[in-house]
Amino acid sequence: MCLGRHTITGLLRNQNRTQQDWTADYRFYSEDHFDEDRVFGQIRAQIEQDFPAGDPLVVAMDDSLLRKTGPRIFGSRFQRDPLSPPFQVNFVRGLRVLQISAAVPLGSQGAARMIPVDFQHAALPAKPRKDAAPERWAAYREQRAKRNINVAGRNRLTHLRQQMDQSGSSHRPLIVTLDGRFTPMRVVKRVVQIPPGIFG
């Protein structure tokens, strides 16, 4: 509901609180953090309550780029702009995020509304300087492999399945739709390592 940029200042302006002390608001967002697993877990549980017991939970997973301008924002870096034309690759500063959304049917025509049930900041490690020690480069390559977007996606699907099992939905199949980016060895060929029932 903010006009213009979606900032803390915009939130205060939207509430007509710009003439009051801003300290508490900025302190809240800088020091306190919410548990995204609990928030999205509650959303998923509410969605499942509207489904019959035997129906599967259909989700779609994809990564995205949230544009940012501040160079000091954790995890922000220059990345390829997915909206750039094929003949000119552009780079923009932003955050790489991974989102899983559940499909909630709308009517009987096969349409569905996608509601987020998992959201993860998939930041890559900071790249060392060219003259950095070999140990730092080795640690960087190891961390980059662990934070690969396909590894992160597989981990989030595993986490989603575990959340469902812990909340009493172990009988409900989980059907996942992916694009071509998430179908290499790290995801599809390792489905057997994910708890049974994660893919319908």
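At what angle do helix H3 and helix H5 pack, and how far apart are their axes? Let's start there. In this predicted model, local features need pLDDT of at least 70 and side-chain atom pairs count only at pLDDT 80 or more, while totals for chains, interfaces and linings use all residues. Residues are numbered from 1 along each chain as its sequence is written, and side-chain values use heavy atoms, with hydrogens and water left out.

Okay, the answer: H3 (residues 36-49) and H5 (residues 149-166) pack at an angle of about 60°, and their axes are 11 Å apart. The axes are lines fitted to C-alpha atoms, for helices over the stretch in contact, with angles from 0 to 180 degrees between N-to-C directions. So the two helices are oblique to each other; that word covers whatever is left once you take out under 35 degrees (roughly parallel), over 145 (roughly antiparallel) and 65 to 115 (roughly perpendicular).

Who touches whom? From H3 we have Asp37, Gly41, Arg44 and Glu48, and from H5 we have Arg156, His159, Leu160, Gln163 and Met164. Contact here means heavy atoms within 4.5 Å. By type, that's two nonpolar, three polar and four charged residues. Nonpolar is Ala, Val, Leu, Ile, Met, Phe, Trp, Tyr, Cys and Pro; charged is Asp, Glu, Lys and Arg; the others, Gly among them, are polar.

Stepping back, the protein has five helices and five strands. These are DSSP runs numbered from the N terminus: helices are H or I with at least four residues, strands are E with at least two. In order, that gives α-α-α-β-β-β-β-α-α-β.

Now the inside. Buried residues are 32% of the 200 in the protein, where buried means under 20% relative accessible area, exposed over 50%, and partly exposed in between (1.4 Å probe, protein chains only). The largest nonpolar core has 18 residues, and Leu57, Val59, Ile100 and Leu174 have the most contacts inside it. A core like this is a set of buried Ala, Val, Leu, Ile, Met, Phe, Trp, Tyr and Cys residues joined through side-chain atoms within 4.5 Å. Strand S1 (57-67), strand S3 (91-106), H5 and strand S5 (174-177) each give two or more residues to this core, and H5 gives the most, with five.

Take Val59: beyond its neighbours within four places in sequence, its contacts include Ile100, Leu160 and Leu174.

Last one, also on H5: Arg161. Buried or exposed? Arg161 counts as buried, because its relative accessibility is 2%.
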